[in-house]
Amino acid sequence: METVISMCEKFLQELEIFPRCFAAELQHFQESFVEKLLEVLPRLMACKPMELVKILQTTLRHSTIVLLKLTDQVHKASATIIEPTGESDNPLRFTSGLVVALDVDATLEHVQDPQSIIKVQVTYPDGQAHIIHPKPADFRNPGPGRHRLITQVYLSHTAWTEPCQVEVRLLLAYSSNKGRASSLGTLARSPWSDSTEALLQAPNVIEGTINLSKQVKVYLMPKPTRR
């Protein structure tokens, strides 16, 4: 039962702060499920979990689907790794236990502020993944909506004794922070909870990364350490 209550509290929390975070977009939700939810919000705050579910089901059945039109200003972000190509038969040689530099050259399309959100991921044969944040000076801006990344990634692994491949790709970092911390303090108390302490402690930032480019495989050949 506690899990159900927790889910309901989180849902009401998100629903109440929705108009504050997306005030400019509310005009696009007329006659939609979102608009009807906001209308019944006072009822939802005053009812118990099972009744809340019934209200949501009824509201959804009587709502229409809103077709959103994308503007010309919306573009898909993408990246292409030029170097390494992943097609070379010549392995990158290095001494086991030491560091080897891998040159990375990539083009970025429609990525805003790449210096702070672009990362390079290297996945080793044993499944370990290392994420490298390029320096701001590694980025060029050849034209509107385009960037060029020219950097070096340093590879090392003490356990390598045989030739193997590593995978290189670009990642796009994201954060869902919408300034919700200030909104949590004014959230109304639900009738089935004695306090809003759990809501006030809820994380207000979700961070992560998504794949922005295809992976490129690089063939490496370690040499035994000289003694």
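The legends below describe close-up views of one predicted model.

The model is predicted, so local features need pLDDT of at least 70 and side-chain atom pairs count only at pLDDT 80 or more, while totals for chains, interfaces and linings use all residues. Residues are numbered from 1 along each chain as its sequence is written, and side-chain values use heavy atoms, with hydrogens and water left out.

**Figure 1**
Helices (H or I, at least four residues) and strands (E, at least two) are DSSP runs, numbered from the N terminus. Of the 227 residues in the protein chain, 34% are buried. Buried means under 20% relative accessible area, exposed means over 50%, and partly exposed is in between (1.4 Å probe, protein chains only). The accessible surface of the protein chain is about 15000 Å², and 53% of this surface belongs to carbon and sulfur atoms. Accessible areas come from the Shrake-Rupley method with a 1.4 Å probe; for residues, only the protein chains shown count as cover. Among contacts in the protein chain with a separation of 6 or more, 76% are between residues 24 or more positions apart. Contact means heavy atoms within 4.5 Å.

**Figure 1. The largest nonpolar core, with 25 residues.**
A nonpolar core is a set of buried Ala, Val, Leu, Ile, Met, Phe, Trp, Tyr and Cys residues joined through side-chain atoms within 4.5 Å. The residues with the most contacts inside the largest core are L108, I118, V122, L155, V166, V168 and L170. Two or more residues of this core come from each of β1 (78-83), β3 (100-109), β4 (118-123), β7 (146-155), β8 (164-175) and β10 (216-223). Strand β3 gives the largest share, five residues. Beyond four places in sequence, V122 touches Q128, A129, H130, I132, V153, L155, V166, E167 and V168.

**Figure 2. A second, separate core of 12 residues.**
Among the members of this core are C8, L12, L41 and I55. C8 counts as buried, at 7% relative accessibility. A disulfide is a pair of cysteine sulfur atoms within 2.5 Å, and by this rule the count is zero. C8 is in no disulfide, and the nearest cysteine sulfur, that of C47, is 8.1 Å away.

L38 is partly exposed, with a relative accessible area of 24%. Apart from neighbours within four places in sequence, L38 is in contact with L15, P19 and L26. L38 and L15 are 23 residues apart in sequence, and their C-alpha atoms are 7.4 Å apart in space.

**Figure 3. The salt bridge between the side chains of E14 and K10.**
A salt bridge is a side-chain nitrogen of Lys or Arg within 4 Å of a carboxyl oxygen of Asp or Glu. Side chains of opposite charge can pair when their charged atoms come close. The structure holds three salt bridges. For E14 and K10, the distance is 3.8 Å, N to O. The two residues are separated by about one helical turn, because they are four residues apart in helix α1 (residues 2-21). E14 is partly exposed at 24% relative accessibility, and K10 is partly exposed at 47%.

**Figure 4. The salt bridge between R148 and D105.**
The closest N and O atoms of this pair are 2.6 Å apart. R148 lies in strand β7 and D105 lies in strand β3, so the pair ties together parts that are 43 residues apart in sequence. R148 is partly exposed, with a relative accessible area of 30%, whereas D105 is buried, with 14%.

**Figure 5. The salt bridge between the side chains of R146 and E109.**
The distance here is 3.1 Å, N to O. R146 is in strand β7 and E109 is in strand β3, so this pair ties together parts that are 37 residues apart in sequence. R146 is partly exposed, with a relative accessible area of 38%. E109 is partly exposed too, with 24%.

**Figure 6. Residues 178-204, where pLDDT stays under 50.**
pLDDT is the predictor's confidence in each residue, from 0 to 100. For residues 178-204 the model has 47 contacts beyond four places in sequence. The mean pLDDT of the protein chain is 78, and 79% of its residues reach 70 or more.
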